[in-house]
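These are my notebook entries on one model. I went through it place by place and wrote down what I looked up.

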Amino acid sequence: MTDFVDRTLKRWRQVPFQWGFEDCLISIADYVKECTGKDYGDIFRGTYSDEAGAMEHVKKFGGEINLIERSGLERVAIPQRGDIMLVDLRKPIGAICTGQGAAMRMLRGVTEIDLKHVEIIAVWKVPQCRQ
């Protein structure tokens, strides 16, 4: 049986990565929008077209955490399936908790890493998408 996390990851695998529309932070914002109806990504979706533009935009809003905080989601200490996270992979990357792993949308495609092997920066509870 598939759930919203599985359907989201399937879509990520089918639609190519594109800065400003289908990148890591936009994809997380789109996921939250689908789950909650709140679109905190509206302030940055389509405002850049490359990594430098993305970083400039993130800096303008005080960092990835500040951008995600606009979602109004509750921060929690321990991720559960369906929650969103920032993980440290030499830079902050938005991710969805799959239960055992962190699934991220990257230039090279969707990558899932076991939670034991990632440094979690922050976690936000997405109760509507928890399974």
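Where is the place of Ser71? I found Ser71 in the loop between helix H4 (64–69) and strand S1 (75–76). Helices (H or I, at least four residues) and strands (E, at least two) are DSSP runs, numbered from the N terminus.

Before going on, I noted that this is a predicted model, in which local features need pLDDT of at least 70 and side-chain atom pairs count only at pLDDT 80 or more, while totals for chains, interfaces and linings use all residues. Residues are numbered from 1 along each chain as its sequence is written, and side-chain values use heavy atoms, with hydrogens and water left out.

**Entry: Ser71**

I looked up the accessibility of Ser71 and got 5%, so Ser71 counts as buried. Buried means under 20% relative accessible area, exposed over 50%, and partly exposed in between (1.4 Å probe, protein chains only). A polar atom of the Ser71 side chain lies 2.7 Å from the backbone oxygen of Ile68. With neighbours within four places in sequence set aside, Ser71 is in contact (heavy atoms within 4.5 Å) with Val32, Lys38 and Tyr40.

**Entry: Tyr31**

I then went to Tyr31, which lies in helix H2 (residues 24–36). Tyr31 counts as buried because its relative accessibility is 2%. Which residues does Tyr31 touch, not counting those up to four places away in sequence? I listed Phe4, Val5, Thr8, Gly82, Ile84, Ile96, Val126 and Cys129. For Gly82 I also noted that its backbone oxygen lies 2.7 Å from a polar atom of the Tyr31 side chain. I checked Lys10 as well: its C-alpha atom is separated by 12 Å from that of Tyr31, and the two residues are 21 apart along the chain.

**Entry: aromatic pairs**

Rings of Phe, Tyr and Trp (its six-membered ring) pair if their centres lie within 6.5 Å; planes under 30 degrees apart count as stacked, over 60 as edge-to-face and the rest as tilted. By this rule I have 3 aromatic pairs. One of them is Phe17 with Trp19, edge-to-face, at 4.9 Å centre to centre and 85° between the planes. Phe17 and Trp19 are both buried. Another pair is Tyr40 with Phe44, tilted, at 6.3 Å centre to centre and 50° between the planes. Tyr40 and Phe44 are both buried.

**Entry: salt bridges**

How many salt bridges does the structure hold? I have 9 in the structure, a salt bridge being a side-chain nitrogen of Lys or Arg within 4 Å of a carboxyl oxygen of Asp or Glu.

Among them is the one between the side chains of Asp3 and Arg81, at 2.7 Å, N to O. Asp3 lies in the segment before helix H1 (4–14) and Arg81 in the loop between S1 and strand S2 (84–88), so this pair ties together parts 78 residues apart in sequence. Asp3 is buried at 9% relative accessibility, and Arg81 is buried at 19%.

Arg11 and Glu22 form another, with the closest N and O atoms 2.9 Å apart. Arg11 is in helix H1 and Glu22 in the loop between H1 and H2, so the pair ties together parts 11 residues apart in sequence. Arg11 counts as partly exposed at 36%, whereas Glu22 counts as buried at 12%.

I also noted a salt bridge between Arg75 and Glu69 at 3.1 Å, N to O. Salt bridges with shared partners join Asp30, Lys33, Asp39 and Arg45 into one network.

**Entry: Arg90**

Arg90 is in the loop between S2 and strand S3 (92–97). I recorded a positive phi of about 70° for Arg90, although it is not a glycine. Arg90 is exposed, with a relative accessible area of 86%.

**Entry: strand S4**

Is strand S4 (residues 101–106) mostly covered or exposed? I found S4 mostly covered, with 6 of its 6 residues buried. Gly101, Ala103 and Arg105 point one way from S4, and Ala102, Met104 and Met106 the other way.

S3 and S4 run antiparallel and are joined by 3 bridges; two strands pair if DSSP finds at least two bridges between them. Ala103 in S4 is the bridge partner of Ile96. The hairpin of S3 and S4 has 3 residues between the strands, and Gly99 takes a positive phi near 110° there.

On to strand S5 (residues 109–114): 6 bridges join S4 to S5, and the two run antiparallel. Gly109 in S5 is the bridge partner of Met106. The hairpin of S4 and S5 has 2 residues between them.

Note on methods. Polar contact = N/O pair within 3.5 Å; in protein donor to acceptor, adjacent residues only side chain to side chain.
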